[in-house]
Amino acid sequence: MDSDTNAPKSKTPKKEKNKKNKKQKDVPPEPDRIEVAVEVVHEHPNKTAPVVGYFPSGFDPVKNYASGSGPSEFQLYRHRNMSKRMQLVVRPPGSSVEFVGSSFSGEAAAGHRAMFALGLLDKEAGTLKIVPIAGNKIFRLEPKIKGMEAADNEPANSTLEEMTPQQKIAETTSIWGTKRDIEKAKKKLALKQDEDPNSQRNLDVKLKNVSVNKSALESTESHVSRNIPPYDTSATTPQEAYVLDKIILTGEWDYLQDIYKNLHQEEKTDFSSYPTFVRNRVERLRKIKDESEQRKLSCILSYINHLIKFKDQHSFDVFSAKSHKIPNILRHKFTNMFAVSELRRLPPEKISLLVSYVLVLTLFADDFLTDCTDIAKDLSMNVMAVRQVYEQLGCKFTRQKSAFNGLRATLPVPLKFPELTQRKRKR
């Protein structure tokens, strides 16, 4: 019995108690909760909001003051006309380095969607004030050497006073405007460069040393004024007079295979949805034995079809072409070439250009001997009006006594255009 009473006691219960005590000590105490009244202070135009910044270099103005160097000097500069353009400068005492941050350049100029605010908690009064910060920007204060690395220069007051209202609007747009507004402002400024006497003087100096190719200039002016497809006045054959490769580009031929594929289907295809000019030439297409020639003519007719349907889709009184699908590559090209307005209508001069493209392609389709009756119907134009457009393209009309007894348009070479006459304005 004595041996049992004198046996050493187990130490396990003490270890478990110590672990429990350690766990209780590691648990942090719950923070005190206080009820406060939240007040949101809005920005006042005549008062400067708190300025928030940071020093990426590691400079600490508080530690610098505690080391006995003295307080740093803080200065805030604001643009005279644009109040949100600010610049913060921190100058440590006795140092040749100053810290500069701005709200309009560097890191602050990057787009962000966050709204910054500063919270001021007064435990005694039980209030929490939410105050907006200056310019809704956090200033990145970069070190700069005084006099050598100055901050982003702001226009001087004298310069601002001399600026016209248009210049002030342009400057504001360049800083705060969207990309679209900035591009518009640049184009507008480029158009007004001739009003600047300095730029005009520089232009005159540059033009003195420029040799002008008068023949090329006359050809360009003629092309613009005549409003017709690309042509070559030095061509010796009708096929070269109008440049087909510049009318139908290389990458567009693959999207014009619809008529060629329909010709080679087992079941006979209905071409009733195509223009009259195209339908009247389907049988001639079937008789062509050369595959490359048949494919080329099919593509030209398909291009004519898309041009006519594009014109009809942008007309007030034609609704039959609404369901027609034009390949995206061609639709994008037509929209830019013929300047479709926001009202989805074609300007009159662009309608004339489209008609010229169609008529030139009809010459290629009929081997430069074509009748204008069916194409006039497809274009919803008078036959005489279509004849006039052919003549403006350099065509002549001859009377055929064979199977077709009537006038047909031919294209003699070299190209000779009728003289352009300007209408006199009525007084």
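Start with Phe338. Its relative accessible area is 0%, so Phe338 is buried. Keep in mind that this is a predicted model.

Phe334 also comes out at 0% relative accessibility, so Phe334 counts as buried. Now put those two rings together. Phe334 and Phe338 make an aromatic pair, with 6.0 Å between centres. The planes are 45° apart, and the pair is classed as tilted.

Which residues do ring pairs link into a cluster here? Tyr303, Phe310, Phe334, Phe338 and Tyr357. So much for that cluster.

Step back for the count. The structure has 13 aromatic pairs. One of them joins Tyr231 and Tyr242. That pair is edge-to-face, at 6.4 Å centre to centre and 65° between the planes. Where do the two tyrosines sit? Tyr231 is in the loop between helix 8 (214-226) and helix 9 (238-241). Tyr242 is in the loop between helix 9 and helix 10 (244-247). They are eleven residues apart, and the pair links distant parts of the chain.

Buried or exposed, then, for Tyr231? Buried, because the cut-off is under 20% and Tyr231 has 15% relative accessibility. Tyr242 is at 0%, so Tyr242 counts as buried too.

Last topic: charges over rings. Arg295 lies over the face of Tyr260, 4.1 Å from the ring centre. Then there is Arg387. Its charged end sits over the ring of Phe397, at 4.6 Å from the centre.

That's it from me. Over to you.

Key. Residues are numbered from 1 along each chain as its sequence is written. This is a predicted model: local features need pLDDT of at least 70, side-chain atom pairs count only at pLDDT 80 or more; totals for chains, interfaces and linings use all residues. Side-chain values use heavy atoms; hydrogens and water are left out. Rings of Phe, Tyr and Trp (its six-membered ring) pair if their centres lie within 6.5 Å; planes under 30 degrees apart count as stacked, over 60 as edge-to-face and the rest as tilted. Helices (H or I, at least four residues) and strands (E, at least two) are DSSP runs, numbered from the N terminus. Buried means under 20% relative accessible area, exposed over 50%, partly exposed in between (1.4 Å probe, protein chains only). A charge sits over a ring if NZ of Lys or CZ of Arg is within 6 Å of the ring centre and within 35 degrees of the ring normal.
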